[in-house]
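This report describes one predicted protein model for a reader who is new to such structures. Please look at the sequence and the structure first.

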Amino acid sequence: MSERLNGEIKRRTDVVGIFPNEAAITRLIGAILMEQNDEWAVQRARYMTLESVAPLGDDPLSCLPSVTAA
């Protein structure tokens with residue numbers, strides 16, 4: 001994953017070419033990292049189902065009943 005992220009940073013910095021100062025580079029790389037963090041958070045959420053999260057709760061009302069095959 002880090003190779004892909006490094007490649008994306010390199011691609012975007014190559015597009016810009018010359019940066020006016022170090023702060024501009026920091027802003028660009030920070031925006032790329034924030035975007036990647038959002039993508040990873042969404043991907044993680046896809047794999048979490050209600051059934052897998054329900055046992056984590058302390059409230060007995062939030063627990064789901066077990067599903068039986070019909």
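Confidence in the protein chain is highest in helix H1 (residues 2-16), with a mean of 87, and lowest in helix H3 (residues 50-53), with a mean of 65. These values are pLDDT, the predictor's confidence in each residue on a scale from 0 to 100. Over the protein chain the mean pLDDT is 77, and 60% of the residues reach 70 or more. Where pLDDT is low, the predicted coordinates should not be read in detail.

Residues are numbered from 1 along each chain as its sequence is written. The model is predicted, and local features need pLDDT of at least 70, while side-chain atom pairs count only at pLDDT 80 or more and totals for chains, interfaces and linings use all residues; side-chain values use heavy atoms, without hydrogens and water.

**Overall layout**

The protein chain has three helices and zero strands, in the order α-α-α along the sequence. Helices (H or I, at least four residues) and strands (E, at least two) are DSSP runs, numbered from the N terminus. Of the 70 residues of the protein chain, 10% are buried. Buried means under 20% relative accessible area, exposed means over 50%, and partly exposed lies in between (1.4 Å probe, protein chains only).

**Helix H1**

H1 contains 15 residues and spans 21 Å from its first C-alpha to its last, close to the 21 Å expected at 1.5 Å a residue. That expected span is 1.5 Å times one less than the number of residues. Which residues of H1 are buried? They are Leu5, Ile9 and Thr13. These residues lie on the same side of H1, because they cover an arc of only 65° around the axis. The arc is taken from the directions from the helix axis to the C-beta atoms. An α-helix has 3.6 residues a turn, so residues three or four places apart point the same way. On the other side of H1, the residues Glu3, Arg4, Lys10 and Val15 are exposed. Just after H1, glycine 17 has a positive phi of about 85°.

| Residue | Relative accessible area | Class |
|---|---|---|
| Threonine 13 | 18% | buried |
| Glutamine 36 | 9% | buried |
| Glutamate 8 | 24% | partly exposed |

Threonine 13 is part of helix H1. Its side chain reaches the backbone oxygen of lysine 10 at 3.0 Å. Threonine 13 also touches Phe19 and Leu28, leaving out residues up to four places away in sequence. Contact here means heavy atoms within 4.5 Å.

Glutamine 36 belongs to helix H2 (residues 22-46). Apart from neighbours within four places in sequence, glutamine 36 is in contact with Arg4 and Leu5.

Glutamate 8 lies in helix H1. The side chains of glutamate 8 and arginine 11 are joined by a polar contact of 2.8 Å. A polar contact is a pair of N or O atoms within 3.5 Å; within protein, one must be able to donate a hydrogen and the other to accept it, and residues adjacent in sequence count only if both atoms are side-chain atoms. Glutamate 8 and glutamine 36 are 28 residues apart in sequence, and their C-alpha atoms are 9.9 Å apart in space.
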